[in-house]
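Open the model in your viewer and keep the selection tool at hand. This tour goes from one selection to the next.

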Amino acid sequence: MAVRILVVDDTDLNLKMVSAILGKDGYEIVTARNGFEALEVIKTSPPALAILDVMMPDMDGYTLCGHLRKIPSTAKIPI
């Protein structure tokens, strides 16, 4: 079973590049284009690691990180 990594970025090119690089090493990549989408994805596919873009519209990476730290099931996920 591959280790699942969540990549959150509002730029498609960044999502593709990070997914391709990590996917080549055998990781399962789950992507989200914003913080709200990431919170929904995490409900069904909790990751072992989250890579967050800092500057995103609506919810930046710092705010998303704060939300993840408040949820018991995601509080200890490395970011």
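Three salt bridges are present in the structure. Here a salt bridge is a side-chain nitrogen of Lys or Arg within 4 Å of a carboxyl oxygen of Asp or Glu. This is a predicted model: local features need pLDDT of at least 70, side-chain atom pairs count only at pLDDT 80 or more, and totals for chains, interfaces and linings use all residues. Residues are numbered from 1 along each chain as its sequence is written, and side-chain values use heavy atoms, with hydrogens and water left out.

Stop 1: Select Glu28 and Arg4. Their closest N and O atoms are 3.2 Å apart in a salt bridge. Glu28 sits in strand β2 and Arg4 in strand β1, so the pair ties together parts 24 residues apart in sequence. Helices (H or I, at least four residues) and strands (E, at least two) are DSSP runs, numbered from the N terminus. Glu28 is partly exposed, at 31% relative accessibility. Arg4 is also partly exposed, at 23%. The cut-offs are buried under 20% relative accessible area, exposed over 50%, and partly exposed in between (1.4 Å probe, protein chains only).

**Stop 2: helix to loop.** Select Asp12 and Arg33. This salt bridge has its closest N and O atoms 3.2 Å apart. Asp12 belongs to helix α1 and Arg33 to the loop between β2 and α2, so parts 21 residues apart in sequence are tied together.

**Stop 3: within a helix.** Select Glu40 and Lys43. Their salt bridge brings the closest N and O atoms to 3.1 Å. Both lie in helix α2, three residues apart, about one turn of the helix. Glu40 is partly exposed at 48% relative accessibility, while Lys43 is exposed at 62%.

**Stop 4: the two faces of α2.** Select residues 35-44. Which residues of helix α2 are buried? They are Gly35, Ala38, Leu39, Val41 and Ile42. These residues lie on the same side of α2 because they cover an arc of only 165° around the axis (taken from the directions from the helix axis to the C-beta atoms). They pack against β1 (4-8), β2 (28-32) and α3 (61-70), with contact meaning heavy atoms within 4.5 Å. Turn to the face away from the buried side: the exposed residues Lys43 and Thr44 are there.
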